[in-house]
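Look at the structure first, then read on.

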Amino acid sequence: MKQFWPLVIVFASLQSFIQAQDLYMPRNIKNAYQKGTRSLTGAPGANYWQNKGIYDVAVTVHADTRSVSGTEKIIYSNNSPDTLRTIAIRFVNNIHKPGAPRSGFYGPDFLTSGLHIQSFKIDDAIYDINSDGWGTVNDVALKSALLPHSKAILEIEWDYPLSKQSGREGQIDSTTFYCAYAYPRVSVYDDYNGWDRIPHSDRQEFYNDFNDYTLSVTAPKNFVVWATGDLLNPGEVLQPAIAQRLKTSYTSDSVMIIASFDEMQQQKITQQNDWNTWKFKADRISDVCFAVSKNYVWDAASVIVDPVNNRRASVQSAYNDTAKDFHYYTKWGQHSLSFFSTQWPGVSYPFSKMTTFQGYADMEYPMMINDGTTENLAFAQMVEDHEIAHTYFPFYMGINETRYAYMDEGWATTWEYLIGIDEVGKAAADSVYKAFRVRRYINDASTEEDQPIITMSTQVSGAGYGNNSYGKASLSYLALKDLLGDDLFKKALHHYMDNWNGKHPIPWDYFYSMNAGSGENLDWFWNNWFFSNNYIDLKITNVQSKNNKATVTIENVGGFAIPFDVVSRSKDGKEKTQHFTPSVWSKNDKTIKVIIDNTEALGSVQLDGHIFMDATPGDNVFKF
Ligand SMILES: [Zn+2]
């Protein structure tokens with residue numbers, strides 16, 4: 001093994017920095033390492049900073065007119081060394097405006113007039129904002145510059161309509177609404193790119209700072225509100241018996257009905273005020289969202305997520321009583337939280353609660369998911385596992401999903417596969433993973449769309465986005481797990497997660513953290529998987545058998561450093577399998593020879609990559 005070199009050169013000059021770094025870096029990324037906001041050790045640099053907002057948001061849901069109005073106060077800290085002369089305000093739901101650029105087709109029911117700013121103040125200066133011309137991200141020129149290490153107080157009043165056709169948010173049914181991205185926020189200003197001004201197109205996902213939130217949601221009588229964060233005032237909004245049930249569920253292993261369909265109909269759930277204001281609190285979190293319904297049923301349980309101190313997290317589900325799969329969601333959710341906390345990634349679930357909500361999105365939000373219903377219970381559980389797995393990436397780690405979707409989708413896909421093995425066994429999990437995550441990628445006829453994983457997620461086509469973000473990235477993580485072995489892989493992964501929990505890692509921080517955490521220079525592996533046009537395609541070019549050993553010559557036509565089995569079959573049908581990890585490719589040889597032991601007269605030798613599906617499986621067999 002090579003020595004781990006970055007520690008040595010951290011303090012070295014610019015010249016040696018350029019010579020020493022073996023991974024391609026765009027100039028803005030290189031600048032971040034040179035300024036010391038990032039470090040070749042993989043940890044945040046000595047000069048690392050990130051900005052933060054303390055949000056106090058109060059919204060009212062007008063169910064009758066399908067609209068949301070709100071007021072907010074944001075105490076925004078500029079922790080950067082830069083003087084900010086503009087502030088970028090993001091409102092993702094302007095994706096609904098007719099003129100918004102979108103990655104896909106939507107019908108008229110998706111369209112709305114978007115955000116309407118009623119008033120906008122920064123540090124008591126009134127800004128005359130006409131939000132008619134706003135897209136999903138908008139610069140506001142500051143009347144007085146925001147100096148380094150200083151704060152600004154933003155006060156905004158707004159309203160916006162909820163769309164009839166819902167995507168990641170909007171109307172679910174006439175008395176059920178999923179409200180995400182429901183408030184204008186300060187976009188991210190970071191050390192490697194300045195203001196995040198990439199418009200939301202609906203394909204790429206999000207990038208948010210870690211903020212503190214107080215959220216209050218005012219909804220009409222008999223509407224229940226579920227949201228990110230802890231419910232602070234159950235006694236004010238729920239009838240006493242219901243508040244007691246909810247409290248009991250926080251320590252209950254078994255699933256409890258909090259609000260049945262009949263009780264909802266009989267108005268036995270919420271306090272009978274015309275409006276109830278539900279208050280929630282969540283700190284050091286990248287977003288808050290909420291959902292309201294007058295007709296959904298609600299169940300809840302809890303599960304131990306930290307066996308060391310027996311800390312429990314609440315698991316709650318809200319759904320239409322007719323959705324068969326959702327009757328299992330709380331139970332399945334308990335298993336997800338427990339598995340993710342104790343097995344993979346093996347980091348205690350970082351929140352107090354997870355609420356699963358029936359909508360149409362198949363989407364993750366901090367402490368909430370919104371999934372469509374399906375008759376296929378196995379598929380429903382897989383989608384639930386996937387969305388809950390996102391708790392770690394992007395939420396525990398502050399991933400820039402807009403640029404680097406593979407930094408969260410690839411991991412969620414990996415955890416989805418590993419929890420699947422626990423739930424349905426290896427053979428079934430392999431076949432599901434191949435069907436949903438690999439086959440379409442490797443058999444994609446339009447291989448020109450297959451770009452290196454490091455390519456920004458905004459720069460690849462629809463197919464390229466899916467392949468890079470999910471299948472290819474996940475395969476790279478699983479290839480690394482095979483290369484390092486489970487213990488070292490987990491040690492390195494935890495090193496990366498400890499380094500960047502609550503911060504904004506970029507791909508190079510992952511590479512260097514894993515190098516440091518494993519104690520190995522894996523740059524050959526990163527170059528192979530992330531910076532190449534490689535794909536999966538091995539070929540047996542020759543087998544020579546001599547003295548109870550056979551030498552198998554393998555050409556790596558596609559180039560990816562994958563693990564594989566060599567299956568040798570004797571003439572009388574005896575089979576022997578030998579496994580080779582991706583380390584056989586560490587010298588970047590196009591062709592390698594591997595030795596297999598087989599004392600029998602050989603009939604055939606075959607390569608099997610299992611989930612690493614080969615583009616041309618026909619040339620993976622050698623027959624004597
Ligand atoms: Zn995902």
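Helix packing and a zinc site

The crossing of α12 and α13 is right-handed. The model is a predicted one.

Q: At roughly what angle do the axes of α12 and α13 cross?
A: Helix α13 covers residues 486-500, and its axis comes within 6 Å of the axis of α12. An angle over 145 degrees would count as roughly antiparallel, and 65 to 115 as roughly perpendicular. The two helices are therefore oblique to each other. The axes cross at roughly 120°.

Q: How many charged residues are in the contact of α12 with α13?
A: From α12 the contact takes Y477, L480, K481 and L484, and from α13 it takes D486, L488 and F489. Five of the contact residues are nonpolar and none is polar. The number of charged residues is two.

Q: Are α12 and α15 roughly parallel or roughly antiparallel?
A: Helix α12 spans residues 462-484 and helix α15 spans residues 523-530. Their axes are 11 Å apart, and the packing angle is about 155°. Angles over 145 degrees count as roughly antiparallel. That angle makes α12 and α15 roughly antiparallel.

Q: Which residues of α15 meet α12?
A: The crossing of these two helices, α12 and α15, is right-handed. On the α12 side the residues are K472, L475, S476, Y477, A479, L480 and L483. By class, the contact has 10 nonpolar, one polar and one charged residues. The residues on the α15 side are W524, F525, W526, W529 and F530.

Q: How many residues of α15 are buried?
A: A residue counts as buried under 20% relative accessible area. In α15 this holds for D523, W524, F525, W526, N528, W529 and F530. What covers them includes α12 and α14 (507-518). Helix α15 is mostly covered, and the number of its eight residues that are buried is seven.

Q: Are α10 and α11 roughly parallel or roughly antiparallel?
A: Helix α10 runs over residues 409-424 and helix α11 over residues 426-442. Their axes lie 7 Å apart, at an angle of about 150°. Angles over 145 degrees count as roughly antiparallel. The angle makes α10 and α11 roughly antiparallel.

Q: How many residues in the contact of α10 with α11 are charged?
A: The crossing of α10 and α11 is right-handed. Helix α10 contributes T413, E416, Y417, G420, I421 and V424, while α11 contributes K426, A428, A429, D430, Y433 and R437. Six of these residues are nonpolar and two are polar. The charged ones number four.

Q: In sequence, how are the donor residues of the zinc ion spaced?
A: The protein donors are H386 and H390, each through NE2, and E409 through OE. They lie 1.9 to 2.1 Å from the zinc ion. Both H386 and H390 are buried. The spacing in sequence is H-x3-H-x18-E.

Q: How far apart in space are S69 and L115, C-alpha to C-alpha?
A: The place of S69 is in strand β2, residues 67-78. Leaving aside residues up to four places away in sequence, S69 touches A58, V59, T60, H62, W158 and D159. In sequence, S69 and L115 are 46 residues apart. In space, their C-alpha atoms are apart by 9.8 Å.

Methods. Residues are numbered from 1 along each chain as its sequence is written. This is a predicted model: local features need pLDDT of at least 70, side-chain atom pairs count only at pLDDT 80 or more; totals for chains, interfaces and linings use all residues. Side-chain values use heavy atoms; hydrogens and water are left out. Donors are N, O and S atoms within 2.8 Å of the metal (3.2 Å for Na, K and Ca); water is not among the atoms, so sites may look incomplete. Buried means under 20% relative accessible area, exposed over 50%, partly exposed in between (1.4 Å probe, protein chains only). Axes are lines fitted to C-alpha atoms, for helices over the stretch in contact, and angles run from 0 to 180 degrees between N-to-C directions. Helices (H or I, at least four residues) and strands (E, at least two) are DSSP runs, numbered from the N terminus. Angles under 35 degrees count as roughly parallel, over 145 as roughly antiparallel, 65 to 115 as roughly perpendicular and the rest as oblique. A crossing is left-handed if the near helix is turned anticlockwise from the far one by less than a right angle, and right-handed if clockwise. Contact means heavy atoms within 4.5 Å. Ala, Val, Leu, Ile, Met, Phe, Trp, Tyr, Cys and Pro count as nonpolar, Asp, Glu, Lys and Arg as charged, and the others, Gly among them, as polar.
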